[in-house]
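Good morning, and thank you for coming. Please take a moment to look at the structure on the screen before I go through its packing.

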Amino acid sequence: MRSRWRTAAALKPFGGEWQVFCLAQAEEVCSNFKWWPMPVEYKDYYKTLGVARGASEAEIKKAFRKLAREYHPDVAKNKKQAEEKFKELNEAYEVLGDPAKRKRYDELGANWRSGADFRPPPGWESFARGRASAGGGPGGGADEFHFGGTGFSDFFEQLFGSMGGRGGSRFGRGGGFAEEEMGERGQDIEGDLLVTLEEVMRGSVRSVSVRHGVACSQCNGTGQRNRRPCATCAGTGQVAKTETCQVKVPAGVTEGQRLRLAGRGEAGVGGGAAGDLYLRVRLARHPDFEVEDHNLIHEAEIAPWEAILGANISVPTLSGPVSIKVPPGTQNGQKLRVRGRGLLQRGGGFGDLIVETRIEVPKRVTDSERKLWEQLAHESRFNPRE
């Protein structure tokens, strides 16, 4: 087995004297600086949704909607178990429902076993951030931050999250031993937070944990004791620690909005102030709705005679089903607006529910039904191609 320790040395001044450190020793003493990506548990998203790797977009969407309705916390009997399953389904659909993410996920190969240790392949961060990795220790790696309670797994965050691939950047600190300016403010940390549409309506308080670098208590973040490198943090001034904080998710929160937790980021250098923790809101997919600004989009299936004659149909909302009128002569794809039944807006008021009609034609008809359709075809003067 290859040794994971690097043998290169680095120089750092302490009290006017240049000290030589072995980077291997530094990593062993201070596990906060992870220049080699730590393994995470591989997630088989196809298995989660119960579809084949070659499934079409429509099949994946259908599978997600079916399972999401079954495990939605508002309808499931075992709410805690359903909540975890619902998060797993959302994460799987977040990747497989996005052609670009699915393509990159498929490039990992099909030989992985769900639950096996996994490390991102070299160069993945260039896709994750849309550019080369910022920050980094020797060899170009970047520090790792591990989150809990955000609704996303470490596997997703490593590959697709704000710390690695959903359009944000991670603001991670480089882990080298270059000379640091005393009293430097700590770097900010950014991660993703999965928020349900129900939370958007009422707000919530979430417990989120993050493992990151904090100031070493033995040297107060200075990296030295008695003019010598601190043995606890190997002269870095930081040690790894898991901290849990309460995050207030305000009602009316929107996709992409960043929630700031002051002082919860990386520890400062030389006694400097800590950075901030930013959690980027990602709205959970819902089996019945798509989100467009503060509006909810629902696709409703109607029969041909309902489209021609008009009808009253029941459609879901986040506060329960409502009855709407389908006007005579409704076309396929026509949008019907139900005002005030969308998402809560931060400034007050609500968006709308947009019901998009989809005319469904029966695949099989009885003999008597066929005769009626034939009679209609004979008597009707309607020609859609004219």
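Setting aside neighbours within four places in sequence, Ile313 is in contact, meaning heavy atoms within 4.5 Å, with Ala300, Ile302, Glu306, Val322, Ser323, Ile324 and Val326.

Ile313 also belongs to the largest nonpolar core, which has 33 residues. Such a core is a set of buried Ala, Val, Leu, Ile, Met, Phe, Trp, Tyr and Cys residues joined through side-chain atoms within 4.5 Å. Buried here means under 20% relative accessible area, with a 1.4 Å probe and protein chains only. Leu193, Val195, Val247, Ile313, Val315, Ile324 and Val355 have the most contacts inside this core. Its largest share, 4 residues, is supplied by strand β12, residues 277–283. There is a second, separate core of 27 residues, and Ala63, Phe64, Phe156 and Phe160 are among them.

A word on conventions. Residues are numbered from 1 along each chain as its sequence is written, and side-chain values use heavy atoms, without hydrogens or water. Local features need pLDDT of at least 70 and side-chain atom pairs count only at pLDDT 80 or more, whereas totals for chains, interfaces and linings use all residues.

I turn to helix α4, residues 79–96. Helices (H or I, at least four residues) and strands (E, at least two) are DSSP runs, numbered from the N terminus. Buried residues of α4 include Ala82, Phe86, Leu89 and Tyr93. The buried residues of α4 pack against α2, α3, α5, α7 and β6.

How do α4 and α5 cross, and at roughly what angle? Their axes, lines fitted to C-alpha atoms over the stretch in contact, with angles from 0 to 180 degrees between N-to-C directions, come within 6 Å and cross at roughly 95°. The two helices are therefore roughly perpendicular, a term covering 65 to 115 degrees. Glu94, Val95 and Leu96 of α4 meet Lys101, Arg102 and Tyr105 of α5.

Finally, confidence. The average pLDDT, the predictor's confidence in each residue from 0 to 100, is 77, and 73% of the residues score at least 70. It stays under 50 over residues 1–36, and pLDDT is likewise under 50 over residues 126–144. Where pLDDT is low, the predicted coordinates should not be read in detail.

Definitions and conventions: Expected span 1.5 Å × (residues − 1). Buried < 20%, exposed > 50% of the residue type's maximum accessible area, 1.4 Å probe, protein only. Parallel < 35°, antiparallel > 145°, perpendicular 65-115°, else oblique.
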